Amino acid sequence: MKLQKLLFYAHAWHLALKGTPLFEEDFEAWPWGPVVRDVYYETMPYGRAPITAHVTKLVQGHSSDKELEFVFVSPRVDDEETKKFIKSVWDAHKNYSGVQLSNATHATGEPWTVIKDKYNNNLCSKPTIPNDLIEAVFKKKLDNVKDTSA
């Protein structure tokens, strides 16, 4: 649970601060909060235990004889600015439990809650949480911080 919430906050703050998604996968509104489906299924076997392997994704390539080839790769962050950004999100959220982070994503006006309300609490279809909604909510948070510090 904590991993999913940390991914959500990193993605949301990146949208708000930089205007671009941190990664290409969409968040979905699952009954227990925002989830990246592929990460969920890959890390699900660990349960509450530490995740001891790199998350991977399937990518398409071409072999030397021009046939399609699919391979699993571990996503990497090589850009130093992005690494610093991710570390800053970790530093801001690392002391919160998964439950505390989940409670925060379920607060009134949060993107997951907006989608949950739109679907009348029926999230069985696990709808996408649009990036423009996430960005708008988190930009508003930035504006509120600026207003209180002025």
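Me: Buried means under 20% relative accessible area. With that cut-off, what share of the 150 residues of the chain counts as buried?
Reply: This is a predicted model. In it, 30% of the 150 residues count as buried.

Me: How many helices and strands does the chain have?
Reply: Six helices and five strands. Along the sequence the pattern reads α-β-β-α-β-β-α-α-α-β-α.

Me: What part of the contacts between residues at least 6 apart joins residues at least 24 apart in sequence?
Reply: For the chain, that figure is 55%.

Me: Let's do helix packing. At what angle do α1 and α3 pack?
Reply: About 125 degrees. Helix α1 covers residues 2-18, helix α3 covers residues 80-93, and their axes are 10 Å apart.

Me: What do you call that arrangement of α1 and α3?
Reply: Oblique. Angles from 65 to 115 degrees count as roughly perpendicular and those over 145 as roughly antiparallel. The angle here is about 125 degrees, so α1 and α3 are oblique to each other.

Me: Is the crossing of α1 and α3 left-handed or right-handed?
Reply: Right-handed.

Me: Which residues meet there, between α1 and α3?
Reply: From α1, K2, L6, Y9, A10, W13, H14, L17 and K18. From α3, E81, F85, V89, W90 and H93. By class, this contact has eight nonpolar, two polar and three charged residues.

Me: Now α1 and α4. At what angle do they pack?
Reply: About 45 degrees, with the axes 8 Å apart. An angle under 35 degrees would count as roughly parallel. The α1 and α4 pair is therefore oblique.

Me: Is the crossing of α1 and α4 left-handed or right-handed?
Reply: Left-handed. For comparison, α1 crosses α3 in a right-handed way.

Me: And which residues of α1 meet α4?
Reply: K2, K5, L6, F8 and Y9. On the α4 side they meet G98, L101, S102, A104 and T105.

Me: What about K2, L6 and Y9, where do they show up on the α3 side?
Reply: K2, L6 and Y9 are among the α1 residues that meet α3. K2, L6 and Y9 are also among those that meet α4.

Me: Stay on α4. Which of its residues are buried?
Reply: G98, L101, S102 and T105, in a helix that runs over residues 98-105. Seen down the axis of α4, the buried residues fall within an arc of 100 degrees, so they line one face of the helix.

Me: What do the buried residues of α4 pack against?
Reply: Four elements: α1, β2 (33-35), α3 and α5 (111-118).

Me: Which residues are buried in α5?
Reply: P111, W112, T113 and I115.

Me: What follows α5?
Reply: N120, with a positive phi near 50 degrees. N120 is not a glycine. N120 lies in the loop between α5 and β5 (128-129).

Me: Is N120 buried or exposed?
Reply: Exposed, since its relative accessible area is 66% and the cut-off for exposed is over 50%.

Me: And N121, what is its phi?
Reply: Near 65 degrees, again positive in a residue other than glycine. N121 is in the loop between α5 and β5. N121 has a relative accessible area of 56%, so it counts as exposed.

Me: Change of topic. Where is P31?
Reply: In the loop between β1 (27-30) and β2. P31 is partly exposed, because its relative accessible area is 36%.

Me: What does P31 touch, beyond its neighbours within four places in sequence?
Reply: H106, W112 and L123. W112 is one of the buried residues of α5.

Me: How far apart are the C-alpha atoms of P31 and S125?
Reply: 9.6 Å, though P31 and S125 are 94 residues apart along the chain.

Me: Last one, E135. Where is E135?
Reply: In helix α6, residues 131-149.

Me: Why does E135 count as buried?
Reply: Because its relative accessibility is 18%, and the limit for buried is under 20%.

Me: What is E135 in contact with, leaving aside neighbours within four places in sequence?
Reply: L15, A16 and G19.

Technical notes: Residues numbered from 1 in each chain as written. Predicted model: local features only at pLDDT ≥ 70, side-chain atom pairs only at ≥ 80, totals over all residues. Heavy atoms only, no water. Axes fitted to C-alpha atoms, helices over the stretch in contact; angles between N-to-C directions. Helix = DSSP H or I, 4+ residues; strand = E, 2+ residues; numbered from the N terminus. Left-handed = near helix turned anticlockwise from the far one by under 90°. Contact = heavy atoms within 4.5 Å. Nonpolar A, V, L, I, M, F, W, Y, C, P; charged D, E, K, R; others polar. Buried < 20%, exposed > 50% of the residue type's maximum accessible area, 1.4 Å probe, protein only. Arc of directions from axis to C-beta.
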